Amino acid sequence: MEPTNHTPENNTKPPIVTQKFTQALKTVDHKELKSTGFWLNQFFMVISTVFGVFLAAQSGLEQALKFDSFSKMEDNYYLRTSLYDEVNDNANTVAEYAERLAKSPPTSEMEFFKPTLEQYIWKTMQFSPTTLETPSEFLTRIRRFYSRADFIINAAINRKMSAKQASIELTKITDLIKTQTLPALKNSAKQLKMELQQNDISVGSLKELENAN
């Protein structure tokens with residue numbers, strides 16, 4: 001007898017994973033993919049996402065612009081306050097010198113007591129980005145005060161103007177700067193401070209926030 005050859009049976013049963021995938025495909029409703037409502041829903045979902053991102057970016061930009069604006073306002077408050085103090089001190093110095101000139105002192109005395117006008121803030125303002133945010137009327141009046149005071153003092157010392165006349169001229173420009181320019185400058189600084197407070201910002205808080213970052 002010839003030996004019987006046993007041919008191995010092929011396993012025709014699909015793997016378990018394949019069976020599950022096939023069942024999942026059968027359960028998919030292909031009509032939903034073809035419907036207009038499905039695609040409209042996807043479209044509006046994308047649009048709402050993009051719009052939400054846009055609003056968030058817009059809000060962040062507005063906050064950044066507000067912070068920058070208030071920060072510049074605070075810087076200008078400090079600048080005006082410092083400028084007020086410096087010009088006020090110089091005006092007092094010129095007034096004292098005017099009183100001395102009223103007594104017609106000798107040239108040696110006028111030269112010895114010639115006032116030195118402090119202009120640290122005034123000169124530093126040339127390099128400050130907030131300088132031109134200060135009303136031009138203040139800058140113009142202060143510039144004219146310094147220029148005129150320097151001219152009169154030198155004219156008196158060089159005997160190109162009498163001491164008494166120089167005293168009158170110095171008193172005139174000093175009274176003008178002390179009674180008009182300085183009060184207005186001080187009031188403008190207060191207005192900046194009030195505007196910051198109205199926006200719930202206390203002077204100095206923005207600087208503390210910047211240093212914290």
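Student: What makes Ser-188 count as buried or exposed?

Tutor: This is a predicted model, by the way. Ser-188 has 8% relative accessibility. Buried means under 20%, so Ser-188 counts as buried.

Student: Where does Ser-188 sit, and which residues is Ser-188 in contact with, leaving aside neighbours within four places in sequence?

Tutor: Ser-188 is part of helix H7. With those neighbours set aside, Ser-188 is in contact with Arg-80 and Phe-138.

Student: Let's zoom out. What is the secondary structure of the protein chain?

Tutor: The protein chain has 8 helices and 0 strands. Read from the N terminus, the elements go α-α-α-α-α-α-α-α.

Student: How many of the residues in the protein chain are buried?

Tutor: There are 213 residues in the protein chain, and 27% of them are buried. The accessible surface is about 15400 Å², and carbon and sulfur atoms hold 57% of that.

Student: Which contacts in the protein chain come from residues 24 or more positions apart?

Tutor: Take the contacts with a separation of 6 or more: 81% of them are between residues 24 or more positions apart.

Student: Why is Met-161 called buried?

Tutor: Met-161 has a relative accessible area of 17%. The cut-off for buried is under 20%, so Met-161 qualifies.

Student: Where does Met-161 lie, and what does Met-161 touch?

Tutor: Met-161 is in the loop that runs between helix H6 (136-157) and helix H7 (163-198). Not counting residues up to four places away in sequence, Met-161 touches Ile-152, Ala-155, Ala-156, Ala-166 and Glu-169.

Student: Which residues are linked with Arg-148 in a network of salt bridges?

Tutor: Glu-169 and Lys-172 are linked with Arg-148 in that network. The structure holds 4 salt bridges.

Student: What makes Arg-100 and Glu-109 a salt bridge?

Tutor: Their side chains come to 2.8 Å, N to O. The limit is within 4 Å, so Arg-100 and Glu-109 count as a salt bridge.

Student: Why are Arg-100 and Glu-109 called partly exposed?

Tutor: Arg-100 is at 28% relative accessibility, and Glu-109 is at 24%. Buried stops at under 20% and exposed starts at over 50%, so Arg-100 and Glu-109 both land in between.

Student: Where is Arg-100 found, and what else does Arg-100 touch?

Tutor: Arg-100 belongs to helix H3. Not counting residues up to four places away in sequence, Arg-100 touches Pro-105, Glu-109 and Phe-113. Arg-100 and Phe-113 are 13 residues apart in sequence and 8.9 Å apart in space, C-alpha to C-alpha.

Student: How do you know that Glu-137 and Arg-141 meet in a salt bridge?

Tutor: The N to O value for Glu-137 and Arg-141 is 3.7 Å. With the cut-off within 4 Å, the pair counts. Both residues lie in helix H6, 4 residues apart, about one turn of the helix.

Student: Which residues touch the most other members of the largest nonpolar core?

Tutor: Leu-101, Ile-142 and Leu-170 do, in a core of 32 residues. Helix H3 (36-101), H6 and H7 are the elements that give two or more residues to this core. H6 gives the most, with 11 residues.

Student: Which residues does a second, separate core include?

Tutor: That core has 7 residues, among them Met-73, Tyr-77, Ala-189 and Leu-192.

Note on methods
Residues are numbered from 1 along each chain as its sequence is written. This is a predicted model: local features need pLDDT of at least 70, side-chain atom pairs count only at pLDDT 80 or more; totals for chains, interfaces and linings use all residues. Side-chain values use heavy atoms; hydrogens and water are left out. Buried means under 20% relative accessible area, exposed over 50%, partly exposed in between (1.4 Å probe, protein chains only). Contact means heavy atoms within 4.5 Å. Accessible areas come from the Shrake-Rupley method with a 1.4 Å probe; for residues, only the protein chains shown count as cover. A nonpolar core is a set of buried Ala, Val, Leu, Ile, Met, Phe, Trp, Tyr and Cys residues joined through side-chain atoms within 4.5 Å.
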